[in-house]
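Subject: Structure handover

Hello,

Here is the structure you asked about, with my notes below it. Please look it over before reading on.

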Amino acid sequence: MPGGEHPGLKPGLSRDALKALIRTVPDFPSAGIQFRDITTLLADGEGLSASIDLLAEVATGLGASKVAGIEARGFIFGTALALRLGVGFVPVRKEGKLPVECIGEDYSLEYGEARVELDPSIIAPGEKVLVVDDLLATGGTAIAAARLLRRAGAEVTDALFVIDLPELGGAKALAEEHLRTHALIEFDGH
Ligand code: AMP
């Protein structure tokens, strides 16, 4: 094939092109926060597809038998990734949403407290579960999700994000909990 090209197969967008599709909204939800808004990435067909391709490229080497996504934006990337990997999806839910007996973890946000909950009956003992969310900031949310999954019997070694904000120290906090961090793109600042 001339030039090694494959007809019908379009090369995916680069990580830089994905980054350019994310909208930054200053001072949301409060002064000083640069909100990294994935709405504009999701609305772009090529961007959405490339983000799942790139997540799958990273996740393939990690050998998880389930993907856990954190409500709500982690559901979007996590479900698509699970489909691509051919594994099941585990929703880590916000407080009060599950209709069955569940376990919960409280954690601190920049302003106030939050809680995530899980139905532990959907985790098999020793099952390897990959945590997925749209963005890593301080790491509190992903750590709470990993703790919950571990309490349910899962082996959790890795967390995968579309975006990392390295200055907020999330990867270091995750490492202290014996979690490796993977992210497709990084943004400076908060
Ligand atoms: P943290 O627990 O501090 O790592 O915060 C991560 C969670 O908060 C993720 O579910 C993100 O969706 C959300 N989040 C935190 N900071 C931002 C930000 N600057 N832009 C967009 N989402 C954020």
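β7 gives the most residues to the lining of the largest pocket, namely four. This is a predicted model, so please read what follows as a description of a prediction. Along with β7, the elements β2, β5 (103-108) and α5 each supply at least two residues of that lining. The volume of the largest pocket is about 920 Å³. Its lining has 31 residues, and those closest to the pocket centre are R73, L109, L135, A137 and T141. Sorted by class, the lining comprises 16 nonpolar, eight polar and seven charged residues.

What takes up the space of the largest pocket? The ligand does. Two or more residues of the shell around the ligand come from each of β2 (34-37), β7 (129-136) and α5 (140-151). The shell has 13 residues, and the closest to the ligand are D133, D134, T138, G139 and T141. By class, the shell divides into four nonpolar, five polar and four charged residues.

- D134: an N or O atom of the side chain is 2.8 Å from an oxygen atom of the ligand.
- A137: a backbone N or O atom lies 2.9 Å from an oxygen atom of the ligand.
- Q34: a polar backbone atom is 3.0 Å from a nitrogen atom of the ligand.

Taken alone, the ligand exposes 490 Å², and the protein buries 84% of that area.

Next, the backbone. Most residues other than glycine have a negative phi, and most peptide bonds are trans. Where does the model depart from this?

Two places concern the peptide bond. F28 and P29 are joined by a cis peptide bond, with omega about 0°. P29 lies in the loop that runs between β1 (23-26) and β2. The other cis peptide bond to note joins E71 and A72, again with omega about 0°. A72 belongs to the loop between β3 (66-70) and α4 (73-85).

Two further places concern phi. D27, which is not a glycine, has a positive phi near 60°. D27 is in the loop between β1 and β2, which is also where P29 is found. H178 is not a glycine either, and its phi is positive at about 60°. The loop that holds H178 is the one between α6 (170-176) and β9 (180-186).

Regards

Notes: Residues numbered from 1 in each chain as written. Predicted model: local features only at pLDDT ≥ 70, side-chain atom pairs only at ≥ 80, totals over all residues. Heavy atoms only, no water. Near = heavy atom within 4 Å. Polar contact = N/O pair within 3.5 Å; in protein donor to acceptor, adjacent residues only side chain to side chain. Areas by Shrake-Rupley, 256 points an atom, 1.4 Å probe, with all protein chains shown as cover. 1 Å grid on protein atoms, 1.4 Å probe; cavity = no way out; pocket = protein on both sides within 12 Å on 5 of 7 lines; lining within 4 Å. Sits in = over half its atoms within 2 Å of the grid points. Nonpolar A, V, L, I, M, F, W, Y, C, P; charged D, E, K, R; others polar. Points joined across faces, edges and corners; volume = space filled by probe spheres on them.
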